[in-house]
Amino acid sequence: FSAVTGQASFKKALILAAINPGIGGVLISGPRGSAKSTLARGLADLLPLGEDNAPHPFVTLPLGASEEMLVGTLDLQKVLSAQEVAFSPGLLAKAHQGVLYVDEVNLLPDSLIDLLLDVSASGVNCVERDGISHSHRSDFLLVGTMNPDEGELRPQLQDRFGLAVELDNQYRIEERIEIV
């Protein structure tokens, strides 16, 4: 995090979100090569240790993710045979009390955006299949990055981020020298 030259506004936004997750997440918009992903990944190291002195999770939501990968799955066969709910956690469960990072958030399918918005607002992920349900807490700091040249962000997703920063890759000569 500290090794990245420049991007002071982005660093400040991430630090503020780490101090007060109630801010509601950070959206970073900028072209390729502006250290968006590098700084987002560095955020997890800035968070204080969790309840059991373990680092907070940093979970990446890939563009090709399925609904089941995001929310988790229920093993219906186990429910039918053993009468017990068998839940396989998804990315939302793994991101609990950590960071959920969405690279190219503007390219995410609408169905995943809707699920992400619901859980982000409520802090609870509920998985339902064939009348069987399982729910769990899912509080996370949402960090999204996007390249504005690749499309706009849906308005309802834009409202979910408390801080938004626009970057450019135009550096002063001193910054370029330091980067090299």
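How many bridges join strand β1 to β9? Select residues 26-29, strand β1, and then β9: four bridges link these two parallel strands. Helices (H or I, at least four residues) and strands (E, at least two) are DSSP runs numbered from the N terminus.

Before moving on, a word on the model: it is predicted, with local features needing pLDDT of at least 70 and side-chain atom pairs counting only at pLDDT 80 or more, while totals for chains, interfaces and linings use all residues. Residues are numbered from 1 along each chain as its sequence is written, and side-chain values use heavy atoms, leaving out hydrogens and water.

Now show the whole open sheet: its five strands follow the order β2-β5-β8-β1-β9, with parallel pairing (strands pair if DSSP finds at least two bridges between them). At the edges are β2 (58-60) and β9 (163-166), each pairing on one side only.

Next, select helix α1, residues 8-19. Helix α1 lies across β1, β8 (140-146) and β9, and runs at about 165° to β9. Angles run from 0 to 180 degrees between N-to-C directions, and axes are lines fitted to C-alpha atoms, for helices over the stretch in contact.

On the α1 side, color F10, K11, L14, I15 and A18; on α2, color K36, L39, A40, L43 and L46, which complete the contact (heavy atoms within 4.5 Å).
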